[in-house]
Structures are given as C-alpha cells and as structure tokens.
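Please look over the sequence and the model together before reading on. The paragraphs below go from a single side chain to the packing of helices and then to a few points in loops and strands.

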Amino acid sequence: LIQNALLQMETARDRNIKLCTPRSILYSVMAAAQAGLDFIGEQAYLIPMSKKRQVAGAWQHDYYYCSLWAGYRGLCTVASRFGYFMDVQDVRANDEITIDLGANQVNHNVKLGQRGDLVGVYCNVRRISDGLVLHIETMDKAEIDALAQDTDAWSRQYNQMGRKSVAKRAFKWIPKDRADARIIEEVERRNDTNQELDGLTDPSATDGGNDTVI
C-alpha cells in the first residue's frame, strides 16, 4: 500500500501533492488501509487540497494538505464486500436508454464509435446473491456540473468524477455495518466540508464532537 501510494505521488499530474503536509499524507494512507482500498486500479487517490485563510477580508492560499478520494471502483469494491454489485455507466447523446425507476429496470443500448458527448451517468445497485435490483441512481450533466470543483481531478478526469459522483450517491443505499464503510462515509463527509483527515483512524475518532466512534 505504501509503495503504491509513493508511486501515485511520483506520477501524479498535480505536482502540488509533494507540497502537502506529511501528517495529512500519513492520515490519508492510514484511512485507505482501514477502508481496504489501494492506490491502484482506480480504487483511491491522494489529492492535494488548498487550505485557505482570510487576509484583509480576502481568502488566500495558506498551505496544501492531502486528502483521500475513493474512486468509483473503490466504492464498488467495498459494496461487493457487503454482497452488492454497483454497475456504473456513462450515458452519451447517441445512446438508446430507458430507465424505469418504479420497476428498477434499465435498458441501455450503445452505438460503438459514435456515442457522442456525455449527457449523464447512472448506477445500478443489485444484490449479488439473487440479482435483485435495490436502487438505480441517475444524474444528468447539469447535476454533475453543479458538483464539479476547481481541482485537477475534475479538470483532467471529468468523466471519472461524474461516475464517482453517482456511485457516491448510490453507495448510501447499501446496508452498511462495518468499519470500512463508515471510514469511507466519514472521509467523504470531510472532503465535502473541506476538513482534513487528522485523527480519523484513531480509536476514539469522533464525528463533529458527537462521540461517534469511526
């Protein structure tokens, strides 16, 4: 895991990863270990984030910290441990698709080589044991754009971030009662609120001071 983390840092397009505080890198790698995610196969990423502070009423960059971002394949990996398969797909302008949310059914036909631009994404969550569809989560491009951030990941890997966004929503529908899933949910919560991962893997880690053991 450590070797793969170092390799990802060496090959990262965003060179600010090397400017992150060592403490934040340590906590991000520890969180990945507790969640059972590796830095290969698009399972998880180490992402540099800018910590800002107010100077004379304006926000200015202070320092970089590292955060763990689970890829959509990482969320699918954890879901499979609970017995659920998450099928994440792009929808392009020339695809033929009907989604019956009431019946939890998807009919998606593609034209290879001429699919067109991305118009949305969806995630089909079904139980591995009997194929029962638990939920279908959908997002159109407008919803994806509303979540987009000014980061290297979004600018360079827009489609993957779109798939991650819909997988993140679908992941909430999977019954979870293990520490690896709770770690991922807390990581996502902190990422959404621009908080560092300090103390996340401590035995007495809390969520907002509510003494919720992670």
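A residue counts as buried when its relative accessible area is under 20%, as exposed when that area is over 50%, and as partly exposed in between. The model to which this is applied here is a predicted one. His135, which belongs to strand E7 (residues 133-140), has a relative accessibility of 12% and is therefore classed as buried. Its side chain forms a polar contact with the side chain of Glu137, at 2.7 Å. When neighbours within four places in sequence are set aside, the residues in contact with His135 are Asn104, Cys123, Asn124, Val125 and Trp173.

Asn104 sits in the loop between strand E4 (96-100) and strand E5 (105-109), and its phi is near 55°, a positive value in a residue other than glycine. With a relative accessible area of 21%, Asn104 is partly exposed, whereas His135, at 12%, is buried.

Strand E5 also contains Asn107, which is partly exposed because its relative accessibility is 44%. Not counting residues up to four places away in sequence, Asn107 touches Glu96, Ile97 and Thr98. Arg73 lies 34 residues from Asn107 along the chain, and the C-alpha atoms of the two are separated by 22 Å.

We turn now to the helices. Helix H3 covers residues 72-81, and its buried residues are Tyr72, Gly74, Leu75, Cys76, Val78 and Ala79. Against what do the buried residues of H3 pack? They pack against helix H2 (22-35), strand E2 (58-70), strand E3 (84-92), H6 and H7. Just after H3, Gly83 adopts a positive phi of about 90°.

The packing of H3 with H7 can be described in detail. The two helices meet at an angle of about 150°, and their axes are 10 Å apart; since angles over 145 degrees count as roughly antiparallel, H3 and H7 are therefore roughly antiparallel to each other. The crossing in which H3 passes H7 is left-handed. On the H3 side the contact involves Leu75, Val78 and Arg81, which meet Asp180, Ala181 and Ile184 of H7. The residues of this contact divide into four nonpolar, no polar and two charged.

H7 (residues 179-192) also packs with helix H6 (residues 158-171), here at an angle of about 125° and with the axes 12 Å apart. H6 and H7 are therefore oblique to each other, and the crossing of H6 past H7 is again a left-handed one. Lys164, Lys168 and Phe171 in H6 meet Ala181, Ile184, Glu185, Glu188 and Asp192 in H7. The residues in this contact comprise three nonpolar, no polar and five charged. Ala181 and Ile184 of H7 take part in the contact with H6, and they also take part in the contact with H3.

Glu42 has a positive phi of about 60° although it is not a glycine, and, because its relative accessible area is 28%, Glu42 is partly exposed.

Technical notes: Residues numbered from 1 in each chain as written. Predicted model: local features only at pLDDT ≥ 70, side-chain atom pairs only at ≥ 80, totals over all residues. Heavy atoms only, no water. Axes fitted to C-alpha atoms, helices over the stretch in contact; angles between N-to-C directions. Helix = DSSP H or I, 4+ residues; strand = E, 2+ residues; numbered from the N terminus. Parallel < 35°, antiparallel > 145°, perpendicular 65-115°, else oblique. Left-handed = near helix turned anticlockwise from the far one by under 90°. Contact = heavy atoms within 4.5 Å. Nonpolar A, V, L, I, M, F, W, Y, C, P; charged D, E, K, R; others polar. Buried < 20%, exposed > 50% of the residue type's maximum accessible area, 1.4 Å probe, protein only. Polar contact = N/O pair within 3.5 Å; in protein donor to acceptor, adjacent residues only side chain to side chain.
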